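Good morning, everyone, and thank you for making the time. I would like to walk you through a few side chains, slowly, and please keep the picture in view while I talk.

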Protein chains: 2
Amino acid sequence: MMKYRFSLFVFCCLLVSLPSFAEDGYRLWLRYDPIADQAVRTRYQAALKNVLMEGDSPTLVAAREELMEGLRGLLDTNVPFNPAVQDGTLLVGTLQTLAPVGELNLEKPLRQVGDEGYLIFTTKLKRRNVTVVAANTDVGVLYGCFHLLRLLQTHQPLQNLNLQETPKLDLRVLNHWDNLDRSVERGYAGASLWKWHLLPDYLDPRYREYARANASVGINGTVLNNVNANALILTEEFLPRVAALANVFRPYGIKVYLSARFSAPIEIGGLKTADPLDPQVQQWWKKKVDEIYGYIPDFGGFLVKANSEGQPGPQNYNRSHAEGANLLADALAPHGGVVMWRAFVYSNEEPEDRAKQAYNEFVPLDGKFRDNVLVQVKNGAIDFQPREPFHPLFGAMPNTPLMMEFQITQEYTGQSTNLFYQMPLYKETLDADTYAKGKGSTVAKVVDGTLEGHRLTGVAGVSNIGDDRNWTGHPFAQSNWYGYGRLAWDHALTSEQIADEWLRMTFSNDEAFVKPVSDMMIASREIVVDYMTPLGLHHLMGWSHHYGPGPWVTDKPRADWTATYYHQADSNGIGFDRTKTGSDALAQYFPPVQEQWGDPKTCPEEFLLWFHHLPWDYTTKSGRSLWDELCHRYYAGADSVAWMQDVWQQQKSKVDADRFQHVATLLDIQKKEAIWWRNACVLYFQQFSRRPIPDGLEKPDRPLSYYESLEFHARPGN
Amino acid sequence: MMKYRFSLFVFCCLLVSLPSFAEDGYRLWLRYDPIADQAVRTRYQAALKNVLMEGDSPTLVAAREELMEGLRGLLDTNVPFNPAVQDGTLLVGTLQTLAPVGELNLEKPLRQVGDEGYLIFTTKLKRRNVTVVAANTDVGVLYGCFHLLRLLQTHQPLQNLNLQETPKLDLRVLNHWDNLDRSVERGYAGASLWKWHLLPDYLDPRYREYARANASVGINGTVLNNVNANALILTEEFLPRVAALANVFRPYGIKVYLSARFSAPIEIGGLKTADPLDPQVQQWWKKKVDEIYGYIPDFGGFLVKANSEGQPGPQNYNRSHAEGANLLADALAPHGGVVMWRAFVYSNEEPEDRAKQAYNEFVPLDGKFRDNVLVQVKNGAIDFQPREPFHPLFGAMPNTPLMMEFQITQEYTGQSTNLFYQMPLYKETLDADTYAKGKGSTVAKVVDGTLEGHRLTGVAGVSNIGDDRNWTGHPFAQSNWYGYGRLAWDHALTSEQIADEWLRMTFSNDEAFVKPVSDMMIASREIVVDYMTPLGLHHLMGWSHHYGPGPWVTDKPRADWTATYYHQADSNGIGFDRTKTGSDALAQYFPPVQEQWGDPKTCPEEFLLWFHHLPWDYTTKSGRSLWDELCHRYYAGADSVAWMQDVWQQQKSKVDADRFQHVATLLDIQKKEAIWWRNACVLYFQQFSRRPIPDGLEKPDRPLSYYESLEFHARPGN
């Protein structure tokens, strides 16, 4: 008789995966599985018995679909439409559609929430307890529906609701650095979502999912193509395809923008020049813009990278950035479009500290831009490092709306293999005080227009989205897309609030899961800074692909593309002197900032080597020498990844096997990479410090030459 | 009181999609949903009540997982393991594991099925009715399990089974033209599956699904990288990553192969030469191969494209292809590896008809290759056209195993937007008679070794697989992957059988669906030939991207990269004279073939203009002039796409909405593209024929200049 191994068989059965039902992350945070906690579900079922919702615009249809799918899923029951108001009715709509229902008194509160805001409140209507989602516009209704669903997904009470939401910024935009061949510059999550070769006919169902996800956090614009732009996107080969995407996104309140190549009049227009003051050029752009609006009546406008890293621009014709931006702005103005003109410029010849160049270039142009131009400024003056001081342009151009640019994709912060929750970085920048108009003149107030009274405001996030099944490569990188959108809507939210929401929606409401994992997310930023670029170091990454450490990178076409330019390590010490004795970049900040950061004693230690070149035996706040402190930070960073691994391992029973294993594997990789960063940097800097790695810290098991010899081909995102 | 629109609400509810449960094609043909026909399901439940299966090798675990998942899904019940044989027991295993069960008398029949074959039969055991899946090896068991599941998926009877299966070819291999940066040459289904930057640590769950799909049709090898090879794949940066993939594939009987760049000893070995007779070079390859086997003990071997389209090769050193192939073969032989040496060569200087060059190059080398070399020959002598006569090398190298190379990816046959079922093309080639040893010397017999008694045999298919969610871009392109594998296993299967199987497994067993859609698939090949390259025309496609028509392509770096070189249209007529009065390529075929094809009167019309330049008023078999017949074919082809659209529209109620709509949209695109091909080609050739488009055929609504002016940027796959 054949023996059999029952346990093996059972094991096999459990192993078997049903591919299409796998928890592969495709649903992002929009998960509407039945609420497991029956008490919570029962309460919600009682509070939301049926829905009254009028109107059939595409946006309202989208809102209704979302609400119905969400309620049916979360409450595990069909929530019917019902014409009779009763206890537990949910009323959803605009002033117009809700007016016939009765005395809801919406006029006054709606006046305060603007075009995109909404109200969610509980009230008595005809002596019945009802919940109301109301807005001035259809898209406001859509946003309100997503908010209501979020309350359910995160198990919030529905009694005595009185929410009033208005976005603090007008333009909440994603920047896709997607090329027309579907490669994505600095993309680590697969190819571009946009399947140009199948558009405009075939609409990948994913386009709608993308729009849903964005609308759920209030993102209302998307720049489809790379800022290193190909002019072909503006031709009739591509415009119908752009229009097809715009049609999918429109019901979700998302406008399409394009990156415009400044030399397009030459490349696709057959002109001899792209000089912004040339009437033919002006005429060409006017006609081109008219053509675009023929395809896309609500086209958002242009994003432009000009005279930067090889891109053409107005300076090719001895014109200013303002003259360049205004050329496009004038063409767009009749249609209501805007120009987002990037301030990320640095000259090919200029021997000046790169950190200073954008300021020098743009401050003199303050006030010279048209009303429909925003100058888009990266959070810091170098380039999306794990930590940078806020960009000195914030507060320095009071007459120009400045749009914040964050980089959601992790070019310099671990690419697709490092768990790096970015909200602490964004918040640090937004909460920083420029002192432009005295204490409390935060970067956030500059960007949201309240400091200087700007009408037009915005924020851009460089997308981390690709066609990987889970959209962002690393499952936790979804939190940066989510969080970016939430902060774009309301920069007063805390990193903790956002992590809490996202974890509950994406994984679990189990408090024993949410708290430790949220702590891990919050800590992840400082951990990455510690093992990559502690104490204000910056730009230490590998050449070109920007993967892993490269503090030895030197002798490149430009000094400011090397690492040695930035860390300035020598036998005396380390750090970039940006005080008066050095490049004096500090002078670009307002006096209280200069004062604090100008003295190493008062400069926050996280910016120490950004602004100061200090001797290896300089005494840091811990009492350790600078060298010892540097080592200590590198080791603490790498050790903390092991802590992150521990935290995650403890969640095994609380999350699905697929995502658990994916994150666990990526944390294993992150651990290796953190040790690699630590060893490479400590060994490299040790050549200059000529000091031992402090006692108690494990010595690297390979020599510096090993780390210097590593090569990485076929890295994604170049 | 608020009105409400019940129907709109219901409509919205129906519209709502649950993204992760969508019929997105990810499951391919391995769909194990409960059999809807209850009578069928009940019969199967009675026939397969429990399973006896011993053994715990990784392959047997994989087989058991598949069987359990499949039976549980299809039968909609748990099929238990049970030690007592009863009516309805399924016994699965090898001679060793099944021997203890009793008198199954497996020895003799198993002797006939070889290492990869299997038996499936019903019998009485201890007076019980049982079903047996038996094989000599674990992988044979796995294949048998997939076969049994296929019987269920296609609703075949399980009574009186007596199946005995053995693959007709040894090496059944996919060739991935995947680059290390995840671009795919001639790939139309997204980026490469291989996420090199996350390997070896992170194993995408998709790798296992890929292995399952291949094993289910008997594919047992995969070449991971492009034949236009990058030597880096052979370095220690990549080999651990290759090994990680090999580990995933191994339980599924799939060996990993690599494309080797002939100049690797120079590029990564630091040598000054790659001369195959240089002892240092020989030593380098020996050590490199030893190193590879250190990582991958069952490494399959190398695929090589040498001295072709710019690739380096032995001729750089005045050595022959045989000397080049033998260099690698000698290094691989001690480990049991093979070399697959491509015959797709044509000289840079040679003014000879390109169709003749591979034959001229390789026939003199017959018998000079090592035993572990196969020469890999494309199905036709030009390059994967919609139709080509079989390659004259088949039958012409009796002392050398010739491996067939088909192109599954649709480079020249509509890329990702045309429904083109390729089995009729493959079968046409395999069934063609070379007359090498008299009548009946089919290409299939050359390839399967029976004609000339070869031990080593194989077939390669250039993969159409990418990381698009449905793997192949076009839902029907899955049938070409499936069918390629099925024919690789058994080339005697008919196109109809394979279409029938695939449709039932992939979509539905509804006869009213299977029959018409199968007819459409079968017809699709001739339809594509008609609107692209009828009557033996070839190489008419657009420049470089090979998308759409380009009969005007001329004046390129090589004459044989143009269209005009191949169609030779002039005011006298059209076609490439490959008879004695022309290039005499016909002389490379055996006399009976020469005789038939050499005379336009007996030459099959599908090859007419391949071999003959004929006047425009030449009378074709239909009685029409050549010009009229050409027009007629182009129009019939395009019209037939409308018929395909009709056939598909009638299936709306029979397939899921997601895939229905996807295919419907792609057929809309195919219709446009067919008309584009038709109009462009007819207008172009009309310049030479100076004859009207026959009465009754709709005139193109745009001039030739319009079609010539079209440009296509950012086409995938270049």
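This is a predicted model: local features need pLDDT of at least 70, side-chain atom pairs count only at pLDDT 80 or more; totals for chains, interfaces and linings use all residues.

E411(A) is buried, because its relative accessible area is 3%, which falls under the 20% that marks the limit for that word. E411(A) is found in the loop between β12 and α13 of chain A, where α13 covers residues 423-431. If we leave aside residues up to four places away in sequence, E411(A) touches W177(A), R186(A), Y188(A) and H546(A). With R186(A) there is also a polar contact, side chain to side chain, at 3.0 Å.

Why might we look at this residue at all? An unreviewed UniProt entry places the feature "active site" at E309(A), D383(A) and E411(A), and such annotations may be inferred rather than shown by experiment.

Let us turn to D383(A), which sits in the loop between β11 (373-378) and β12 (402-407) of chain A. Is D383(A) buried or exposed? With a relative accessible area of 7%, D383(A) is buried. Its contacts, again without residues up to four places away in sequence, are F344(A), R354(A), K378(A), E388(A) and Y412(A).

Now to the aromatic rings. Over all chains, the structure holds 90 aromatic pairs. One of them joins Y565(A) and F576(A) edge-to-face, with 5.6 Å from centre to centre and 75° between the planes. Y565(A) belongs to helix α18 (residues 564-567), whereas F576(A) lies in the loop between β14 (573-574) and α19 (591-598) of chain A, so the pair ties together parts that are 11 residues apart in sequence. Y565(A) counts as buried at 15% relative accessibility, and F576(A) is buried as well, at 8%.

In chain B, the ring centres of W676(B) and F712(B) are 5.2 Å apart and the planes meet at 45°, so this pair is tilted. Because W676(B) lies in helix α22 (residues 657-689) and F712(B) in the segment after α23 (704-709), the pair ties together parts 36 residues apart in sequence. W676(B) is buried at 10%, while F712(B), at 22%, counts as partly exposed.

Finally, back in chain A, ring pairs link Y26(A), W29(A), W194(A), Y207(A), Y210(A), F249(A), W471(A), W481(A) and Y482(A) into a cluster. R206(A) lies over the face of W471(A), 4.0 Å from the ring centre, and R469(A) lies over the face of Y26(A), at 3.8 Å from the ring centre.

Key
Residues are numbered from 1 along each chain as its sequence is written. Chains are lettered from A and ligands numbered from 1 in the order in which they are written. Side-chain values use heavy atoms; hydrogens and water are left out. Rings of Phe, Tyr and Trp (its six-membered ring) pair if their centres lie within 6.5 Å; planes under 30 degrees apart count as stacked, over 60 as edge-to-face and the rest as tilted. Helices (H or I, at least four residues) and strands (E, at least two) are DSSP runs, numbered from the N terminus. Buried means under 20% relative accessible area, exposed over 50%, partly exposed in between (1.4 Å probe, protein chains only). A charge sits over a ring if NZ of Lys or CZ of Arg is within 6 Å of the ring centre and within 35 degrees of the ring normal. Contact means heavy atoms within 4.5 Å. A polar contact is a pair of N or O atoms within 3.5 Å; within protein, one must be able to donate a hydrogen and the other to accept it, and residues adjacent in sequence count only if both atoms are side-chain atoms.
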